[in-house]
Amino acid sequence: MQLGFVFSTAPHGSASGREGLDALLAASAFCETISVFFIGDGVMQLIDGQRPSTVLSRDYIASFKMLPLCDVEDIYICQASLTARGMGDAARVLTGEVLEREHIQAKLARCDRILHF
């Protein structure tokens, strides 16, 4: 079974990103085929150098670096989302394949189950 994890919310203001990362790391212990997608405001989860303590939030962003260590290698980032947020050249905590929206949709269609955060 192929699981898809979609991150589409900003990192601060809700616990959605942190909860998604926790679920992703837990699933990686049991599932061999996991794809991770960063779309919409979810691309902001990848901005390197964030200081969440200034907005009274927990620092979990750097934990995305653990994904390759957990054999999660299918990581996709939406080009249109990066461009819309002026993040084309921003430093990221995680590298992934930057794809156009149509290619993201095609990759998502291959997933048997999709969890959205």
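**Figure 1. Asp71, a residue in the loop between S2 and S3.** In this predicted model, Asp71 is exposed, with a relative accessible area of 59%, where exposed means over 50% relative accessible area, buried means under 20%, and partly exposed lies in between (1.4 Å probe, protein chains only). Although Asp71 is not a glycine, it has a positive phi of about 60°. Residues are numbered from 1 along each chain as its sequence is written, side-chain values use heavy atoms, and hydrogens and water are left out. Because the model is predicted, local features need pLDDT of at least 70 and side-chain atom pairs count only at pLDDT 80 or more, while totals for chains, interfaces and linings use all residues.

**Figure 2. The chain and its elements.** Three helices and five strands make up the list of elements in the chain, each being a DSSP run (H or I of at least four residues for helices, E of at least two for strands) numbered from the N terminus. Along the sequence these elements follow the pattern β-α-β-β-α-β-α-β. Of the 117 residues in the chain, 38% are buried.

**Figure 3. Strand S2 and its pairing with S1 and S3.** Strand S2, residues 33–38, is mostly covered, since five of its six residues are buried. Strand S1 (residues 2–7) pairs with S2 in the parallel sense over six bridges, pairing being assigned if DSSP finds at least two bridges between two strands, and Thr33 in S2 is the bridge partner of Gln2. Between S1 and S2 the chain passes through helix H1 (residues 16–28), and this β-α-β crossover is right-handed, meaning that, with the strands pointing away from the viewer, the path from the first strand over the helix to the second runs clockwise. S2 is also joined to strand S3 (residues 74–78) by four bridges, and these two strands run parallel; here Val36 has Ile75 in S3 as its bridge partner.

**Figure 4. Phe38 and the largest nonpolar core.** A nonpolar core is a set of buried Ala, Val, Leu, Ile, Met, Phe, Trp, Tyr and Cys residues joined through side-chain atoms within 4.5 Å. The largest one holds 22 residues, of which Ile34 and Phe38 touch the most other members, and the elements giving two or more residues to this core are S1, H1, S2 and S3. When residues up to four places away in sequence are not counted, Phe38 touches residues including Phe7, Leu46, Phe64, Ile77 and Leu94, where contact means heavy atoms within 4.5 Å. Another core, of eight residues, lies apart from the largest one, and among its members are Val6, Phe37, Cys78 and Leu108.

**Figure 5. Ser81 in helix H2.** Helix H2 spans residues 79–84 and includes Ser81, which is buried, with a relative accessible area of 3%. Leaving aside neighbours within four places in sequence, Ser81 is in contact with Ile39, Gly40, Val43 and Arg101.

**Figure 6. Cys31 and Cys78, two buried cysteines.** Cys31 has a relative accessible area of 16%, and Cys78 has one of 2%. For Cys31, the closest cysteine sulfur is that of Cys111, and because the two sulfurs are 9.7 Å apart, they are too far for a bond. A disulfide is counted as a pair of cysteine sulfur atoms within 2.5 Å, and by this rule the count comes to zero disulfides.
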